[in-house]
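Please have a look at the sequence and the model first, and then walk through the points below with me.

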Amino acid sequence: MFKKIVLSIAAVFVAWAIMDFVIHGLILRASYEATAQFWRPMPEMKMGLMYLCTLIIAFAFTCIYALLVAQKNIGSGVKLGVFFGLAYGVPMGFGTYSYMPIPFHMALVWCLGSFIESLVAGIIVGSIIKE
C-alpha cells in the first residue's frame, strides 16, 4: 500500500504540474500579461515554493483518499475529485475574484482548472490505489 501511495502522490504531482503549465502558461498567458501589475516579475517568482505547495496538496489529496475512503476504486476517486474540486476550485477562482480585480475570464479558468485538476487526481488515485 505504501508504494501505491507514493506512486499516486508522484503521479498527481506530475499531472498537476503539466496541467498548471497548460492553464497558467498557455491558456491564461495573455490575462497574466494584461494584469502584470498584480504579479511578481518572472525572475522574482518563487517557483520552488510553488512546486513544494503542489507536492503538499498532492500528498494531502492522496492521503485523504488512501486513509479515509473505504471503497477504493475509480468511482470513489472521481467522487473525491469532484468534491475536492468544488471545495478548491470555487474559492480559488471566484473567491479570489471577489476581492482582487482580476478579469472574470481568469477567475473562471482558475475555478474550472482547479476542478479539472482535482477530477484528474481522483482518477489517478482511484486507478492506482484500489481494492
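1. Let's begin with a contact. Leaving aside residues up to four places away in sequence, Phe38 touches Met100 and Pro101. This is a predicted model, so please read every value here as computed from predicted coordinates. Phe38 and Pro101 are 63 residues apart in sequence, while their C-alpha atoms are 8.9 Å apart in space.

2. Where does Phe38 sit? Its place is the loop between α2 (29-34) and α3 (47-68). Phe38 counts as partly exposed because its relative accessibility is 29%, and buried would require a value under 20%.

3. Now for Trp39, which lies in the loop between α2 and α3. With a relative accessible area of 23%, Trp39 is partly exposed. The rings of Trp39 and Trp110 have centres 6.2 Å apart and planes at 65 degrees, so this pair is edge-to-face. Trp110 belongs to helix α5 (residues 104-128), so the pair ties together parts of the chain that are 71 residues apart in sequence. As for Trp110, a relative accessibility of 8% means that this residue counts as buried.

4. The aromatic pairs come to 9 in the count. One of them joins Tyr32 and Trp39: the ring centres are 5.5 Å apart and the planes meet at 80 degrees, so this pair too is edge-to-face. I would also look at Trp16, Phe61, Phe84 and Tyr88, which ring pairs link into a cluster.

5. On the overall fold, the protein chain has 5 helices and 0 strands, and its pattern along the sequence reads α-α-α-α-α. The radius of gyration is 16 Å, close to the 14 Å that the globule rule gives for 131 residues, so the chain is as compact as a globular protein of that length. Along the principal axes, the C-alpha atoms fill a box of roughly 50 × 25 × 20 Å.

6. How much of the chain is buried? Of the 131 residues, 38% count as such. Among contacts between residues at least 6 apart in sequence, 76% join residues at least 24 apart; the contact between Phe38 and Pro101, residues that are 63 apart in sequence, is a handy example to inspect.

Methods
Residues are numbered from 1 along each chain as its sequence is written. This is a predicted model: local features need pLDDT of at least 70, side-chain atom pairs count only at pLDDT 80 or more; totals for chains, interfaces and linings use all residues. Side-chain values use heavy atoms; hydrogens and water are left out. Helices (H or I, at least four residues) and strands (E, at least two) are DSSP runs, numbered from the N terminus. The radius of gyration is taken over C-alpha atoms; the globule rule is 2.2 Å times the number of residues to the power 0.38. Buried means under 20% relative accessible area, exposed over 50%, partly exposed in between (1.4 Å probe, protein chains only). Contact means heavy atoms within 4.5 Å. Rings of Phe, Tyr and Trp (its six-membered ring) pair if their centres lie within 6.5 Å; planes under 30 degrees apart count as stacked, over 60 as edge-to-face and the rest as tilted.
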